[in-house]
Amino acid sequence: MTRTAPLARLLVAFALVGAGLVNMGLVRGAFPRPHGVFSLVVGAAELVVAVLVLRGTATRGADPAVLARVAVGALAVTSVLGIAMAVAEGTHVGAAAAAASLQLAAACVVGATARPARGRPGADRPDRSRTGPAATAAGRRPRAAVSLAILFVGAVAVSTVASAGLTDTEAGARAVPHGQHHLPDLPGLEGHHHGR
């Protein structure tokens, strides 16, 4: 496992959660049709896999490189099929494109981090015998800051794409606009209402 594996795992999980939510949003209004069934199965699978990725669940007896290739292939195929079904049915192409972009982003991260290291084994590991504790601690701070910045950018990107995709679904179209929901009137209290 490389040093970037925890960061890559989080980014993949972010992308899978976003794609899964968009796919689940596509189910409403399209369910009995093939695209609705496809979105339900793929969205549920993405959410389950995202949880497993976040937990760092290891698969026993499986080669990580083979699993990575299977994951990249599955994500690529589901993204193409999702867009093709949306175009064929003539609805929610924007949501399907958003889900596909998140799936492809997850596939890119998996593919980039699953490459076998070139050169001799252990060549990418730092030689701790030549560095002191002060140098090691100083090296961790910038790496942690860079990792947090990458996670922040990844989270903002995923939430932006997922939100845009969800607005193109029927569930998003029927959602109550922000600022127009209110609490029920209670006896002796004036109803709370956001509005202009």
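1. Salt bridge. E89 pairs with R33 in a salt bridge whose closest N and O atoms are 3.7 Å apart; the term requires a side-chain nitrogen of Lys or Arg within 4 Å of a carboxyl oxygen of Asp or Glu. Because E89 lies in helix α3 and R33 in the loop between α1 and α2, the pair ties together parts that are 56 residues apart in sequence. The structure holds 1 salt bridge. Relative accessibility is 26% for E89, which counts as partly exposed, and R33, at 36%, also counts as partly exposed. The classes used here are buried (under 20% relative accessible area), exposed (over 50%) and partly exposed (in between), with a 1.4 Å probe and protein chains only. Side chains of opposite charge can pair when their charged atoms come close.

2. Basis of the model. This is a predicted model, in which local features need pLDDT of at least 70 and side-chain atom pairs count only at pLDDT 80 or more, while totals for chains, interfaces and linings use all residues. Residues are numbered from 1 along each chain as its sequence is written, and side-chain values use heavy atoms, with hydrogens and water left out.

3. Overall content. The protein has 6 helices and 0 strands, giving the pattern α-α-α-α-α-α along the sequence. Helices (H or I, at least four residues) and strands (E, at least two) are DSSP runs numbered from the N terminus. Of the 196 residues, 26% count as buried. The accessible surface comes to about 12800 Å², and 67% of that belongs to carbon and sulfur atoms; areas come from the Shrake-Rupley method with a 1.4 Å probe, and for residues only the protein chains shown count as cover. Among contacts (heavy atoms within 4.5 Å) between residues at least 6 apart in sequence, 72% join residues at least 24 apart.

4. Nonpolar cores. A nonpolar core is a set of buried Ala, Val, Leu, Ile, Met, Phe, Trp, Tyr and Cys residues joined through side-chain atoms within 4.5 Å. The largest one has 11 residues: V12, A13, A15, L16, A50, V53, A68, L75, A106, A107 and V110. Two or more residues each are given by α1, α2, α3 (64–89) and α4 (93–113), with α1 giving the most, 4 residues. A second, separate core has 8 residues, including V22, L26, L102 and A162. In the largest core, V53 touches R9, V12 and A13, not counting residues up to four places away in sequence. In soluble globular proteins, nonpolar side chains tend to be buried together.

5. N23. This residue of helix α1 (residues 5–27) counts as buried at 5% relative accessibility. The side chains of N23 and E46 are joined by a polar contact of 3.0 Å. Such a contact is a pair of N or O atoms within 3.5 Å; within protein, one must be able to donate a hydrogen and the other to accept it, and residues adjacent in sequence count only if both atoms are side-chain atoms. Leaving aside neighbours within four places in sequence, N23 is in contact with S39, V42, G43, E46, A99 and Q103.

6. T78. Found in helix α3, T78 counts as buried at 18% relative accessibility. Its contacts, leaving aside neighbours within four places in sequence, are F38, V42 and Q103.

7. Nonpolar surface patch. M24, F31, V37, L40 and V41 make a nonpolar surface patch of about 390 Å². Patches are made of residues with over 30% relative accessible area and no salt bridge, like charges being joined within 9 Å and nonpolar side chains (Val, Leu, Ile, Met, Phe, Trp, Tyr) within 5 Å. Helix α2 (residues 34–55) supplies the largest share, 3 residues. V37 lies in that helix and is partly exposed, with a relative accessible area of 37%.

8. H92. The loop between α3 and α4 holds H92, which has a positive phi of about 55° although it is not a glycine. H92 counts as buried at 18% relative accessibility. The backbone at this residue deserves a look, given its positive phi.

9. A97 and G165. The C-alpha atoms of A97 and G165 are separated by 7.6 Å, with the two residues 68 apart along the chain. A97 is in helix α4 and is partly exposed, with a relative accessible area of 36%.
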